[in-house]
Amino acid sequence: MKIIIKFILLLIILGAAYVGLAKLNLVPSLGDFGKKVERKELTIDQSAVLLDNVSSLSQLFTSTYYAELPVQEIKKEDAYFGLSKKEAKLIIIAKGTCYAGTDLAKLSKEDIEIKDSATCTIKLPKATVLDVVINPQDFSIYSETGNWSALEVQKLKDKAKIKITDLAIKSEILKKSNDRSIQLFKDFAKSMGYKNVTVELKE
């Protein structure tokens, strides 16, 4: 009889322990037995996938503008032991290339909307001038009078970059770059299987 009582007490203790664990969701409850296990489908965020495919590119160059132009600087410097002033002039010829395109660092997951497996909309950042390159060998001094320091010559080179940028913008380099970026992203999205692709520029 004692053995039976001990066995019943053991079952009661085990049952109470099981109920406590079930409430903590550490073990399935008794009502869960016999039920089918629910399987959640694995979903993939397609906008993240699309963004991940372009994340390796930080900048997308889509248009260039080349220019060769003279740039000059004029200043007054001392003459005759500081008793008077004379004009000093420096003219350089600069050859440079302006690069425009899309800064992909500004493209976020929210800019890509996947409606279904065949339709997506992408909002691209507007094109900007990304760089102006004038190599050291692309500068030549056309005329020089007076004394010019290395810092003054460098400032004149920077002035040349600004002029090339202005000329590039006047030639509608940004519009051309936007058009090409839009087409490139349309082709890219279609290559990933999307048939209905809309690419717009962000406001």
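User: What should I know before I start?

Analyst: The model is predicted; local features need pLDDT of at least 70, side-chain atom pairs count only at pLDDT 80 or more, and totals for chains, interfaces and linings use all residues. Residues are numbered from 1 along each chain as its sequence is written, and side-chain values use heavy atoms, with hydrogens and water left out.

User: How many helices and strands does the protein chain have?

Analyst: Helices (H or I, at least four residues) and strands (E, at least two) are DSSP runs, numbered from the N terminus. The protein chain has 4 helices and 7 strands. From the N terminus, their order is α-α-β-β-β-β-β-β-α-α-β.

User: Where does Ser177 lie?

Analyst: Ser177 is in helix 4, residues 173–191. The expected span of a helix is 1.5 Å times one less than its number of residues. Helix 4 has 19 residues and reaches 27 Å from first C-alpha to last, close to the expected 27 Å.

User: Is Ser177 buried or exposed?

Analyst: Buried means under 20% relative accessible area, exposed over 50%, partly exposed in between (1.4 Å probe, protein chains only). Ser177 is buried, at 0%.

User: Which residues does Ser177 touch?

Analyst: Contact means heavy atoms within 4.5 Å. Leaving out residues up to four places away in sequence, Ser177 touches Thr62, Ser63, Ala100, Gly101 and Ala127.

User: Which residues are buried in helix 4?

Analyst: They are Ile173, Ser177, Asn178, Ser181, Ile182, Phe185 and Ala189. They cover an arc of only 165° around the axis, so they sit on the same side of helix 4. The arc is taken from the directions from the helix axis to the C-beta atoms.
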